[in-house]
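Please view the sequence and the model together.

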Amino acid sequence: MNRASKSLLCAAAGLSLLSAAGCAPGEDTADTDPAPAESPASSSASSPAESSAASSPDAAAGSGNYADGEYSGNGSYIPPSGTSEDVDVTLQLENGVVTELDVETSQKNPTSKQYQREFTSGVKEQVVGKSLDELDVDKVAGSSLTSQGFNRALDAIRSEATS
């Protein structure tokens with residue numbers, strides 16, 4: 001094996017190690033830290049006027065018995081900047097399936113604002129057309145913390161939509 005081949009082999013091995021560690025080029029690691037040690041952020045939701053169902057603990061567990069209608073929920077998360085960020089979710093449910101989705105974020109911090117924009121531009125693909133019970137958004141367009149707030153908002157909506 002000549003010297004050029006050995007160098008190429010070493011470079012490939014190094015990239016492989018970096019990739020396994022989550023540090024490969026193109027990987028956004030600034031927003032993928034584990035959840036901060038602060039206390040869990042709050043969630044709230046409002047149900048449609050036609051729904052008078054009371055909140056139940058089974059809703060967050062995924063009972064699947066949801067009333068059709070439009071629901072809104074709020075979830076928050078704490079990014080590395082330390083300033084709480086909000087994710088407001090409004091969705092339309094038909095037979096337990098999300099048919100429409102609108103997401104707005106607080107965009108308080110410039111870094112968070114970038115991730116939130118990327119999240120809101122890509123989350124519809126992962127949500128619309130799926131059952132509310134099967135939704136647990138992990139990471140969208142490099143944004144993992146925004147999805148924490150989004151999932152908290154979904155939990156609040158599940159509680160309100162239980163029929």
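Helix α3 spans residues 110-127, 18 residues in total, and extends 26 Å from its first C-alpha to its last, close to the expected 26 Å (1.5 Å times one less than the number of residues). Helices (H or I, at least four residues) and strands (E, at least two) are DSSP runs, numbered from the N terminus. The model is predicted: local features need pLDDT of at least 70, side-chain atom pairs count only at pLDDT 80 or more, and totals for chains, interfaces and linings use all residues. Residues are numbered from 1 along each chain as its sequence is written, and side-chain values use heavy atoms, leaving out hydrogens and water.

**Geometry and ends**
- A kink of about 35° is centred on serine 121 in α3 (the angle between axes fitted to the seven residues ending there and the seven starting there).
- At the start of α3, the backbone nitrogen of threonine 111 lies within 2.8 Å of a side-chain oxygen of asparagine 109.

**Burial**
- Buried residues (under 20% relative accessible area, 1.4 Å probe, protein chains only) of α3 are Ser112, Tyr115, Gln116, Phe119, Gly122, Val123 and Val127.
- Their cover includes β2 (69-77), β3 (85-94), β4 (97-105) and α4 (145-161).

- Valine 123 is in contact (heavy atoms within 4.5 Å) with Leu101, Val103, Val137, Val140 and Phe150, not counting residues up to four places away in sequence.

Notes. Buried means under 20% relative accessible area, exposed over 50%, partly exposed in between (1.4 Å probe, protein chains only). A polar contact is a pair of N or O atoms within 3.5 Å; within protein, one must be able to donate a hydrogen and the other to accept it, and residues adjacent in sequence count only if both atoms are side-chain atoms.
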